[in-house]
Amino acid sequence: MLLPGLLFTMAALFRSVQPDGISDVTFQRVQQTIGFDIMKSNLRITKLNRTCAVMNGTMNFFVNMDNRFTFQIKSAYSRLGNNQFNEYPMKIPEQPFCQFLNDSYRDYQELFKQTTNLPQVDSGGHCPLPAANYWFKHVVVKPKTMPQMIPEGYWRLTVLFTGPEGEADLQLFLRVSKESYF
């Protein structure tokens, strides 16, 4: 659920009716730094063609994700792309996992159809997310989902998962660029 959370954040934070000037959103890399006893990610960024980077791979969850876990997503921005990140005010605040799954994620799950085997959440809700192996294939961020206010540069989205078994995180790095008119 960490990856859909990241994708949800990108969609929710970067969603707009008609963006102006965003020409490219490119995945750079994905990494997990802690929480290997909760889940293990082997997500990779690969080139689909000359101009499109996609995310492929699997995530193995070793525990059932329920309200014993809290979920939050933070965004950070590096204007120069030199890994000197400043926290950006857009985020998904810490909340119980089932609350996120049944409220926020359910509203945006259509963005992930046919790119993952995660269960679809209906109006009755879905919790817990069972421990299993979930795959992701050809996940891409479309520039039209980005609003005008997002500055170009290097972005880091961090999902933090805290529960009785410990903490886990997943970091997604991407580059946002705008068209130049000179």
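Which residues form one aromatic cluster? Select Phe69, Phe71, Phe97, Phe100, Tyr105, Phe112 and Phe161: together they make up that cluster. Keep in mind while looking that this is a predicted model. The structure as a whole holds 14 aromatic pairs.

Start with Phe69 and Phe161. Their ring centres are 5.6 Å apart and their planes meet at 40°, so the pair counts as tilted, since tilted covers the range between under 30 degrees for stacked and over 60 for edge-to-face. Next, colour by secondary structure and trace the chain from one ring to the other. Phe69 is in the loop between β4 (53-61) and β5 (70-78), while Phe161 belongs to strand β8 (residues 153-163). The two are 92 residues apart, and the pair links distant parts of the chain.

Are they buried or exposed? Phe69 has 0% relative accessibility and therefore counts as buried. Phe161 is at 1%, so Phe161 is buried as well.

Select Arg29 and Phe173: Arg29 lies over the face of Phe173, 3.9 Å from the ring centre. Then select Arg156 together with Phe85. Here Arg156 is placed over the face of the Phe85 ring, and the distance to the ring centre is 4.6 Å.

To finish, return to the cluster and display its members together, among them Phe71, Phe97 and Phe112.

Key
Residues are numbered from 1 along each chain as its sequence is written. This is a predicted model: local features need pLDDT of at least 70, side-chain atom pairs count only at pLDDT 80 or more; totals for chains, interfaces and linings use all residues. Side-chain values use heavy atoms; hydrogens and water are left out. Rings of Phe, Tyr and Trp (its six-membered ring) pair if their centres lie within 6.5 Å; planes under 30 degrees apart count as stacked, over 60 as edge-to-face and the rest as tilted. Helices (H or I, at least four residues) and strands (E, at least two) are DSSP runs, numbered from the N terminus. Buried means under 20% relative accessible area, exposed over 50%, partly exposed in between (1.4 Å probe, protein chains only). A charge sits over a ring if NZ of Lys or CZ of Arg is within 6 Å of the ring centre and within 35 degrees of the ring normal.
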